[in-house]
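Colleague: I would like to go through this model feature by feature. Please give the general idea where there is one, then the case here.

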Amino acid sequence: MLNDQQTAQLKQVLVDAERRVLQSAQSALELTREGPTDGGRDSIDQSNSEELVSTALRLRDREQKLLTKIREALGRLAEGVIDECEMCGGPIVFRRLLVRPVTTLCIDCKERSEEDERRAPPTENLPTGGADAAEDWPES
Ligand SMILES: [Zn+2]
């Protein structure tokens, strides 16, 4: 079980991550808005730009998935089960949760599932988790 301080810390990480995802969606929106600025924007391209905005509002797939995971993790956190492994029911160590709060597997189960993945033929090149691996959270 996590103590109050750990719970609060994890919540902060998740809320920050959620905000980051939303902000990146927001900046995509602003880029679209700026568009090619060639003088006066009149009513002719008004409907066109509204369409662009609504397109940009829709989060990209990856962001949407991440957002779902973050919200699920917040739900598990609220229920007090965020540190319970989905596969074996064992504890997920806090340090692991802090790095990857959207995980639902303990390190043992994660390694086992990665071994299974390695045995299977590679489907695509997964992004290598760099220094900022938190950006690439989506995992099984
Ligand atoms: Zn496990």
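This is a predicted model: local features need pLDDT of at least 70, side-chain atom pairs count only at pLDDT 80 or more; totals for chains, interfaces and linings use all residues.

Colleague: Which residues is C109 in contact with, leaving aside neighbours within four places in sequence?

Modeller: Those contacts are C85, M87 and C88. C88 is 21 residues from C109 along the chain, and their C-alpha atoms are separated by 7.4 Å.

Colleague: How many helices and strands does the chain have?

Modeller: There are 5 helices and 0 strands, and the pattern along the sequence is α-α-α-α-α. Of contacts between residues at least 6 apart in sequence, 59% join residues at least 24 apart.

Colleague: What should I look for in a core?

Modeller: In soluble globular proteins, nonpolar side chains tend to be buried together. Here 16% of the 140 residues count as buried. The largest nonpolar core has 15 residues, and those touching the most other members are L10, L14, A17, I70, A73, L77 and I82.

Colleague: Which elements give two or more residues to this core?

Modeller: They are α1 (4-34) and α3 (61-79); α1 provides the largest share, 5 residues.

Colleague: And what is I82 in contact with, beyond four places in sequence?

Modeller: I82 contacts L10, A73, R76, L77 and L97.

Terms used. Residues are numbered from 1 along each chain as its sequence is written. A nonpolar core is a set of buried Ala, Val, Leu, Ile, Met, Phe, Trp, Tyr and Cys residues joined through C-beta atoms within 7 Å. A residue is buried if 20 or more other C-beta atoms lie within 10 Å of its own, exposed if 12 or fewer, and partly exposed in between; C-beta atoms are placed from the backbone. Helices (H or I, at least four residues) and strands (E, at least two) are DSSP runs, numbered from the N terminus. Two residues are in contact if their C-beta atoms, placed from the backbone, lie within 7 Å.
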